[in-house]
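Me: Take a close look at one part of this model for me, the ligand sites. Keep it brisk, and give the cut-offs as you go.

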Amino acid sequence: MKIIMLGAPGAGKGTQAKKIAGEYNIPHISTGDIFRANIKNGTELGMKAKTYMDQGLLVPDELVVDLVVDRVNQADCTDGYVLDGFPRTIPQAEALTEALKKLGQKVDYAIDVNVPDENIINRMSGRRACVGCGATYHMVYAPTKQEGICDTCGGELILRDDDKPETVGKRLNVYHEQTQPLIDYYTREGILHTVDGTIDIDDVFGAIVKLLEA
Ligand code: AP5
Ligand code: MG
Ligand code: ZN
């Protein structure tokens, strides 16, 4: 089962991808998480990516595509995976389609988690990320057991640099210009499914499971 998560920044792609990965025992591959891990470790890729991410811009396609193609070729991906945050541009989608075609594979589901812009800014200001393991919470909608401390690893929780309101606005513009066209792309491929991302986290997940098991 090869799944792509689409949706605006803050729509809940990561939240749902993690649940799907747990339910179906497949890897969750988040390009944002990969970049953040590289930034934390001070790698060259991380340093390059950071200059774009902090401005709310996309990292150039050439820094992303090979990384993902290598990842989906690894042994743990044979039974499927859930891609979160990739593809994000038409060239990335085309590169993925081509790379999979060479392996005789294709994406099975593109799931668009639909949330209007009005809801996004509010969500992002309440999101907290763990500095230790990268787990994501929300102060109101997905709180930790103990305030400010990660449930998984005990790490400190912070507001992501790119979650400041001014940067969120920029990311939304970038989303509409560069990523939203993928909805048409995957509609044409015949694999687009849309779920309402404004409802409760578990209800969004229920809708996803229903479509995956239909
Ligand atoms: P990335 O990390 O992918 O960020 P994003 O797409 O902007 O999305 P987010 O992670 O911010 O949101 P999400 O949809 O995962 O929402 P979440 O589940 O956390 O990318 C960051 C940057 O890296 C990009 O800007 C770009 O620079 C670069 N990059 C990454 N991939 C790239 C690529 N392929 N090409 C080029 N550049 C790339 O949920 C948000 C919050 O809402 C959380 O607090 C959550 O708890 C809460 N929440 C979730 N669902 C619900 C719900 N149903 N109800 C209430 N609250 C909810
Ligand atoms: Mg995410
Ligand atoms: Zn943690």
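Reply: Start with the backbone of Gly85: one of its N or O atoms lies 2.8 Å from a nitrogen atom of ligand 1. A backbone N or O atom of Lys13 also lies 2.8 Å from ligand 1, here from an oxygen atom. For Ala11, a polar backbone atom is 3.3 Å from an oxygen atom of ligand 1. Taken alone, ligand 1 exposes 1000 Å², and the protein buries 97% of that (Shrake-Rupley areas, 1.4 Å probe).

A word on the basis. This is a predicted model, in which local features need pLDDT of at least 70 and side-chain atom pairs pLDDT 80 or more, while totals for chains, interfaces and linings use all residues; side-chain values use heavy atoms, without hydrogens or water. Residues are numbered from 1 along each chain as written, chains are lettered from A and ligands numbered from 1 in written order.

Now the shell. Ligand 1 is surrounded by 37 residues (a heavy atom within 4 Å). The closest are Thr15, Leu57, Arg88, Arg127 and Arg171. By class, the shell has 17 nonpolar, eleven polar and nine charged residues (Ala, Val, Leu, Ile, Met, Phe, Trp, Tyr, Cys and Pro are nonpolar; Asp, Glu, Lys and Arg charged; the others, Gly among them, polar).

Next, the zinc ion (ligand 3). Cys130, Cys133, Cys150 and Cys153 coordinate the zinc ion through SG, at 2.3 to 2.4 Å (donors are N, O and S atoms within 2.8 Å of the metal, 3.2 Å for Na, K and Ca; water is absent, so sites may look incomplete). Why is the arrangement tetrahedral? The four donor atoms subtend angles of 97 to 116° (tetrahedral requires all angles between 85 and 135 degrees). The ideal angle for four tetrahedral donors is 109.5 degrees. The donor spacing in sequence is C-x2-C-x16-C-x2-C. Cys130 sits in strand E5 (residues 127–130) and Cys150 in the loop between E6 and strand E7 (157–158), so this pair ties together parts 20 residues apart in sequence. Cys130 is buried at 5% relative accessible area, and Cys150 is buried at 4% (buried is under 20%, exposed over 50%, partly exposed in between; 1.4 Å probe, protein chains only).

Methods:
A polar contact is a pair of N or O atoms within 3.5 Å; within protein, one must be able to donate a hydrogen and the other to accept it, and residues adjacent in sequence count only if both atoms are side-chain atoms. Four donors count as tetrahedral if all angles lie between 85 and 135 degrees; four count as square planar and six as octahedral if opposite donors are over 155 degrees apart and all others between 65 and 115; anything else is irregular. Helices (H or I, at least four residues) and strands (E, at least two) are DSSP runs, numbered from the N terminus.
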